[in-house]
Amino acid sequence: MSRIASVFATLKTQGRKALIPFITAGDPAPDKTVPLMHALVAGGADIIELGVPFSDPMADGPTIQRASERALKYGVGLHDVLAMVAEFRLINTATPVVLMGYANPIEAMGWDRFCSEAASAGLDGVLTVDYPPEESAEFAAKCAAAGLDNIYLLAPTTPDARIEAITRLAHGFVYYVSLKGVTGAANLDLAEVAAKVGAIRARAGLPVGVGFGIRDGETARLVANVADAVVIGSRIVQEIENSSPDKAAENVQNFVAGVRAALDK
Amino acid sequence: MQMYDLPDIHGHFGPYGGVYVAETLMAALDELKREYEAARHDPDFQEEFRHELRHYVGRPSPIYHARRWSKLLGGAQIYLKREDLNHTGAHKINNTIGQALLARRMGKKRVIAETGAGQHGVASATVAARYGMECVVYMGSEDIKRQSPNVYRMKLLGATVVGVESGSKTLKDALNEAMRDWVTNVESTFYILGTAAGPHPYPMLVRDFQSIIGEESKVQMAEMLGRQPDAVIACVGGGSNAIGIFYPYIPVEGVRLIGVEAGGRGIASGQHAAPLSAGTPGVLHGFRSYLMQDANGQIIETHSVSAGLDYPGVGPEHSWLKDAGRAEYVSINDDEALTAFHNLCRYEGIIPALESSHALAHAAKIAPTMDKDKILLVNLSGRGDKDINTVARLSGIEI
Ligand SMILES: Cc1ncc(COP(=O)(O)O)c(C=O)c1O
């Protein structure tokens, strides 16, 4: 069983929901990323989503755009991000790590090279915002061969037939984008999320994670009532942005622990 | 080359093009694809489009023999396709009319657009006023500074202009921001994309709407000279005016197609906007094409004196035409473009857009190497009124 599948299996037996925090690799500085990843786990993360900085993050709101810009000041590229994952794995072999990013850094590295380097770094999954299934069949096959779960997005605008088609292709879990908008937006409609996630779960043989616009423990708890996992991104990046670099790990750990407590209530 | 039937149903031109967007936009692009397919075969739609081009835009635009300038250059005869004479002063309006008619057909009351030089922004604001739609235009703050007359023009037309402060604060960042708006307001909003780029079906529909330029040219050249030009030359930003004049010429043998990219401070300097001349294939803004990028796949900041060419990518059909060898792509530096700008002003009494000046400069470069009976057809994609502040500043003059 993959690391992602076994995390969800364990949580299920415990009656708990997965907490998936997001940080951008290299934010606020490259040497802070691995300590931040350990802090996320210490705070109660079940899976880590690691953002790959990109110059043109079309699906991201201002907070994650700024995180990308901070990381890019240090020239952090996909090779560096995979090196961070490998360094994290020296200490932690249990917590799955999923990359979230855009197609072009992967295109520039090449699919074969990416898959082999990612697998040897100990990466578990990859979510590429601008690789819909239509454009990524060959890449997905290479990921599967390398033991990487390809995580697909579903959106409020995804029709039912397409939900079915995508969940058939998906591995690990499917990621439901909880609102029409960019990361960090504030127009989350819980009733709408509940209805759509219900429809997805009825079709998917996989766990369903929900992200975009979840900013506090209470919202996380309500979303977790209908989903298998909650993803929190911009709010954590904001915590990093507002902390001095030395305090970031501690503050992030405290914030994640608060969300964890709300989820486990 | 035989006429081809591309893009395929997935929006691919060989390895280029496609639909590389976040899931939230997939349904909207599917809807647009269906609606465009219907409109394409709907005689009423085509009839209204042609009617608007004739009575609102003022088409057909004339072809003019730049006799004095040609004589001075001492070689091939240069003919200009006068897109600068269109309503709003550039080719951009051909496309915005087509897309606004689609928006109306789809019941969308709000349109958004990105703009670099401001020409597409003005053309979008214009059609929004014409058809009674709300219009929001995204524009890099750097471009707002260098194209201020167009910013005011858009406001006069009732559009809201939103300055974009992220990244390089130019066209690519305006496109990012327009995409972010679209993803947020996807059900109420039609995105009027300004060039033959972006996710399928945009490159195709923009090409089709702009092809009126080449269709008219073929008829006009035959009428004027009884023959077609030896080469057709157009500037390439995202590639809409170029594909518009190239496309109908693709099956016409003996006609060279030459796209001119912005060489900025010179290709060797790295400060340019010439992905076909000096880039590599990658994925940006929803499609695969040649891009300016570094080894990590990050998009490189571009430079051009002309805001409308200051873009790190290029429409996918141009990438395909380059690889297929049907079109050639060259670059012209800032200073060469400026020289051509001044020469057209002085010798022909026409103030060209800085974008179009790149195409003019390339014509001026090759004309003297050709016989006097050879013919170059240059797409004069826009007029240069918007650029007079930039040109004055570069000449050390405050106006
Ligand atoms: C007059 C003019 N020509 C050319 C361009 C470049 O765009 P495209 O390559 O899509 O024709 C612009 C863009 O703003 C323009 O205003």
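Trainee: Which residues of helix α2 of chain A are buried?

Mentor: General idea first: an α-helix has 3.6 residues a turn, so residues three or four places apart point the same way. Helices here are DSSP runs of H or I with at least four residues, strands are E runs of at least two, and both are numbered from the N terminus. Buried means under 20% relative accessible area, exposed means over 50%, and partly exposed lies in between (1.4 Å probe, protein chains only). In α2 of chain A, residues 33-43, the buried ones are T33(A), V34(A), L36(A), M37(A), A39(A), L40(A) and G43(A). Bear in mind that this is a predicted model: local features need pLDDT of at least 70, side-chain atom pairs count only at pLDDT 80 or more, and totals for chains, interfaces and linings use all residues. Residues are numbered from 1 along each chain as its sequence is written, chains are lettered from A and ligands numbered from 1 in the order written, and side-chain values use heavy atoms, leaving out hydrogens and water.

Trainee: What covers those buried residues of α2(A)?

Mentor: Look for contacts, meaning heavy atoms within 4.5 Å. The cover includes β1 (18-24), β2 (48-51), α4 (78-91), β3 (97-101), α11 (234-241) and α12 (248-264) of chain A. Just after the helix, G44(A) takes a positive phi of about 120°.

Trainee: Now cores. Which residues touch the most other members of the largest one?

Mentor: A nonpolar core is a set of buried Ala, Val, Leu, Ile, Met, Phe, Trp, Tyr and Cys residues joined through side-chain atoms within 4.5 Å. The largest has 93 residues, and L102(B), W182(B), F190(B), Y191(B), Y202(B) and F246(B) touch the most other members. A second, separate core of 66 residues includes I48(A), L78(A), M84(A) and I236(A).

Trainee: And chain B overall: how many helices and strands are there?

Mentor: Chain B has 16 helices and 14 strands. Buried residues make up 65% of its 399 residues. Its C-alpha atoms fill a box of roughly 55 × 45 × 45 Å along the principal axes.

Trainee: Where is I351(B)?

Mentor: I351(B) lies in the loop between α14 (334-348) and α15 (354-366) of chain B. With a relative accessible area of 39%, I351(B) is partly exposed.
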